[in-house]
Amino acid sequence: MQNRRWRLSASVAMVMATLVSACSVSSPLEISSTGAGLERGASLKLSRSEDAQSLKGRFEAALAEALTQGAVPLSDQAQFVADISVAQAGASGGVVRGEGEADKSDADQDWISTPRERRTFDRCKAQRLRATLVIYDKVAGTVIYRGSGQATQCEFDQSDLTEFANALVQDATASATP
């Protein structure tokens with residue numbers, strides 16, 4: 001009887017560990033932005049990376065598709081110019097606003113992305129994907145939109161880049177008045 005209870009408890013623990021580990025690494029895509037945004041129909045110049053297979057090149061392709069589907073035509077003669085950055089790294093490192101201060105404790109830093117410690121039920125080494133879209137008005141010489149997003153999960157593929165691009169384009173065009 002005692003042995004049977006132990007087996008049942010061990011089985012329940014294994015099932016719970018599996019269920020918890022399946023979602024313990026993932027954090028949803030979060031977008032934060034400033035600026036008025038870009039009106040739908042306004043054309044945009046998007047520079048393209050030399051290496052289409054690099055992370056930046058693949059993100060640019062996803063962003064170009066999202067812009068086109070979001071009613072933002074691409075043109076080399078556009079008044080508005082987009083600049084992007086994208087990075088993928090282990091989530092155990094963080095990003096501090098500005099230069100950071102070596103004499104401050106981690107708790108006192110101004111974190112943009114806090115470091116993520118590996119957890120007991122993690123099924124992988126967590127990765128963080130961060131992307132930023134900045135749109136400039138060439139004529140006025142101003143930034144009209146700056147949006148960045150990040151998510152954490154086990155790995156990222158092209159569908160995740162597409163999700164990021166779609167979210168940034170939707171955010172960039174949602175706040176603009178027609």
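At what angle do the axes of helix 2 and helix 3 cross? They cross at roughly 50 degrees, and the axes come within 8 Å. Axes here are lines fitted to C-alpha atoms, for helices over the stretch in contact, with angles running from 0 to 180 degrees between N-to-C directions.

Before going on, the provenance. This is a predicted model, where local features need pLDDT of at least 70 and side-chain atom pairs count only at pLDDT 80 or more, while totals for chains, interfaces and linings use all residues. Residues are numbered from 1 along each chain as its sequence is written, and side-chain values use heavy atoms, with hydrogens and water left out.

Now the overall layout. The protein has three helices and seven strands, in the order α-β-β-α-β-β-β-β-β-α along the sequence. Helices (H or I, at least four residues) and strands (E, at least two) are DSSP runs, numbered from the N terminus. Of the 178 residues, 35% count as buried. Buried means under 20% relative accessible area, exposed means over 50%, and partly exposed is in between, with a 1.4 Å probe and protein chains only. Contact means heavy atoms within 4.5 Å. Among contacts between residues at least 6 apart in sequence, 72% join residues at least 24 apart.

Back to the helix pair. Helix 2 covers residues 55-69 and helix 3 covers residues 158-174, with that crossing of roughly 50 degrees. Helix 2 is therefore oblique to helix 3; angles under 35 degrees count as roughly parallel, over 145 as roughly antiparallel, 65 to 115 as roughly perpendicular, and the rest as oblique. The crossing is right-handed, that is, the near helix is turned clockwise from the far one by less than a right angle. From helix 2 the contact takes L55, R58, F59, A62, L63, A66 and L67, and from helix 3 it takes Q158, L161, T162, F164, A165, N166, L168 and V169. By class that is eleven nonpolar, three polar and one charged residues. Ala, Val, Leu, Ile, Met, Phe, Trp, Tyr, Cys and Pro count as nonpolar, Asp, Glu, Lys and Arg as charged, and the others, Gly among them, as polar.

Q158, in helix 3, counts as partly exposed because its relative accessibility is 32%. Leaving aside neighbours within four places in sequence, Q158 is in contact with R58 and A62. Its C-alpha atom is 9.3 Å from that of L55, 103 residues apart along the chain. S159 also lies in helix 3 and is partly exposed, at 47% relative accessible area. The C-alpha atoms of S159 and A62 are 8.9 Å apart, across 97 residues of chain.

Next, the core. A nonpolar core is a set of buried Ala, Val, Leu, Ile, Met, Phe, Trp, Tyr and Cys residues joined through side-chain atoms within 4.5 Å. The largest one has 29 residues, and L38, L44, F59, L63, L133 and I135 touch the most other members. Strand 2 (44-46), helix 2, strand 3, strand 6 (127-137), strand 7 (142-153) and helix 3 each supply at least two residues. L133 touches L63, A82, D83, I84, Y145, R146, G147, L168 and A172, not counting residues up to four places away in sequence.

Two more positions. Q88 lies in strand 3, residues 80-90, and with a relative accessible area of 34% it is partly exposed. Outside four places in sequence, Q88 is in contact with L55, Q127, R128, L129 and F156. The C-alpha atoms of Q88 and Q150 are separated by 9.6 Å.

A71 is in the loop between helix 2 and strand 3. What is its phi? Phi of A71 is near 65 degrees, a positive value in a residue other than glycine. A71 is partly exposed, at 41% relative accessibility. Beyond its neighbours within four places, A71 is in contact with R40 and G41; the C-alpha atoms of A71 and G41 are separated by 5.5 Å, 30 residues apart along the chain.
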